[in-house]
Amino acid sequence: MIHKVIVPKTRLVNLAIAVPEDFIGEEMEVIAFLKKDGLQEFESAGMVSPALPGSPLTNHQFVNWIKQAELMPTISLEDAKSQWTNQREKLLQLIK
């Protein structure tokens, strides 16, 4: 997940996003809203996540969230560890 807060100085804002390597080629959705409003309007459309601030999930929403997560692509633990090791090395090089 990429999370960035901006304060526009004019009506026209150019955004550049540094996309993580594993996001390349994947479909992404960009949502803009006033920070004080949060994602309330999207919650009514069924777009809720326990990772986002807001009201707690209902049992029905939680079950749907689990079902949706089970349909998402997965990778093996070994692949995940390998990807994390590579990413960690890149991050360590950046902070040196």
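User: In which part of the chain is Lys-35 found?

Analyst: This is a predicted model, in which local features need pLDDT of at least 70 and side-chain atom pairs count only at pLDDT 80 or more, while totals for chains, interfaces and linings use all residues. Residues are numbered from 1 along each chain as its sequence is written, and side-chain values use heavy atoms, with hydrogens and water left out. Helices here are DSSP runs of H or I with at least four residues, strands are runs of E with at least two, and both are numbered from the N terminus. Lys-35 is found in the segment before α1.

User: Is Lys-35 buried or exposed?

Analyst: A residue is buried under 20% relative accessible area, exposed over 50%, and partly exposed in between (1.4 Å probe, protein chains only). With a relative accessible area of 66%, Lys-35 is exposed.

User: How many helices and strands does the chain have?

Analyst: Read along the sequence, the pattern is α-α-α. The chain therefore counts, by DSSP runs, 3 helices and 0 strands.

User: Which side chains meet in a salt bridge?

Analyst: A salt bridge is a side-chain nitrogen of Lys or Arg within 4 Å of a carboxyl oxygen of Asp or Glu, and the structure holds 1 salt bridge. Its N to O distance is 2.9 Å, and the side chains that meet are those of Glu-21 and Lys-90.

User: Where in the chain are Glu-21 and Lys-90, and how many residues apart?

Analyst: Glu-21 is exposed, at a relative accessible area of 56%, whereas Lys-90 is partly exposed, at 40%. The pair links distant parts of the chain, with Glu-21 in the segment before α1 (40-43) and Lys-90 in helix α3 (residues 77-95), so that they are 69 residues apart.

User: Which residues line the second largest pocket?

Analyst: A pocket, on a 1 Å grid over the protein atoms alone, is an open set of points where a 1.4 Å probe fits, with protein on both sides within 12 Å along at least five of seven lines, and lining residues have an atom within 4 Å of a point. The lining of the second largest pocket consists of Pro-20, Glu-21, Asp-22, Gln-83, Asn-86, Gln-87 and Lys-90.
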